[in-house]
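Visitor: Please put the model up, and then we can go through its side-chain contacts and helix packing.

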Amino acid sequence: MFLDEAAMLMDELIKYSPYEMEGLMKVNSGLAEKNFMRHLQWSGEHNLQNSKQALHAYDGAVFQGINADDFSEEELVFADKHIRILSGLYGVLKPLDIIQPYRLEMGTKFSTQYSKDLYVFWQDKLTDYFEEEMKKQNYNVIINLASREYSSAINLNRLHARVVTPVFKDYKRGVYKIITIYAKRARGLMSRFMTKNKIVMPEDLKAFDEEGYRYMDSLSSEDEWVFIR
């Protein structure tokens, strides 16, 4: 959807040497060199020879939780209609959009001729995009399973929509708390739960019970749903 903008950012990104990329992305020299080469090879022409579908291209904890390898064709179509993936390079993706390897997290302090950082670059574009998407939906609700780093790229207050943010907490040392690595996986598990059960009514997500999580009404508010384990 924003391939022209991705090309603009990549033209800026390839100006960085591997050494400069270490500092920009806070990675070691090996990762910096690997991504430097990836970015040099990046092309505006995307095809199945040089690209992968987004749902299969990412491999972090969220996408391990989604585990889309066993999705049926029908489930893939459902996911493509209902799930959106935020990206520092591509802005927003549908699960079946094809993308090339890259590294550019939304929170990277990446200053370009277009903006001081990626939040400034993307915010109006993404907010307008989701506002248009909301006009097509029956329920006018966004289930926000993005991290704060990524959801901050959208001006949620400007949307004519109810935004519900699930929060996942684990019991540790006598209290329930957010443990980042578990919370990331849980966000993916909820995306999978929604897809496998073809959930379109937001309230039905309160039945989410994967890997021991359960909804706690007493800890939740209208716009923040707490699941504990």
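Visitor: Which residue forms a salt bridge with Glu 133?
Guide: In this predicted model, a salt bridge is a side-chain nitrogen of Lys or Arg within 4 Å of a carboxyl oxygen of Asp or Glu. The closest N and O atoms of the pair in question are 3.3 Å apart. The partner of Glu 133 is Arg 84.

Visitor: How many residues apart in sequence are the parts that this pair ties together?
Guide: Glu 133 belongs to helix H7 (residues 118–134), while Arg 84 is in the loop between helix H6 (73–82) and strand S2 (85–87), so the pair ties together parts that are 49 residues apart in sequence. Helices (H or I, at least four residues) and strands (E, at least two) are DSSP runs, numbered from the N terminus. The separation is 49 residues.

Visitor: What rules apply to the numbering and to the values?
Guide: Residues are numbered from 1 along each chain as its sequence is written. The model is predicted, local features need pLDDT of at least 70, side-chain atom pairs count only at pLDDT 80 or more, totals for chains, interfaces and linings use all residues, and side-chain values use heavy atoms, with hydrogens and water left out.

Visitor: Are Glu 133 and Arg 84 buried or exposed?
Guide: Buried means under 20% relative accessible area, exposed over 50%, and partly exposed in between (1.4 Å probe, protein chains only). By that rule, Glu 133 and Arg 84 are both buried.

Visitor: Where does Arg 158, the salt-bridge partner of Asp 124, lie?
Guide: The N to O distance between Asp 124 and Arg 158 is 3.5 Å. Asp 124 is partly exposed at 49% relative accessible area, and Arg 158 is partly exposed at 36%. Asp 124 lies in helix H7, so the pair ties together parts 34 residues apart in sequence. Arg 158 is in the loop between helix H8 (148–151) and strand S6 (162–172).

Visitor: Which residues are linked with Asp 70 in a network of salt bridges?
Guide: The structure holds 16 salt bridges. The network links Asp 70 with Glu 75, Arg 192 and Lys 196.

Visitor: What kind of aromatic pair do Phe 208 and Tyr 213 form?
Guide: Rings of Phe, Tyr and Trp (its six-membered ring) pair if their centres lie within 6.5 Å; planes under 30 degrees apart count as stacked, over 60 as edge-to-face and the rest as tilted. Phe 208 and Tyr 213 are both buried. Their rings are 6.3 Å apart, centre to centre, with 25° between the planes, and the pair is stacked.

Visitor: The charged end of which residue sits over the ring of Trp 225?
Guide: A charge sits over a ring if NZ of Lys or CZ of Arg is within 6 Å of the ring centre and within 35 degrees of the ring normal. Trp 225 belongs to a cluster whose members include Phe 208 and Tyr 213. The charged end, 4.9 Å from the ring centre, is that of Lys 206.

Visitor: At roughly what angle do the axes of H6 and H9 cross?
Guide: Axes are lines fitted to C-alpha atoms, for helices over the stretch in contact, and angles run from 0 to 180 degrees between N-to-C directions. The axes of H6 and helix H9 (residues 180–196) come within 9 Å. They cross at roughly 120°.
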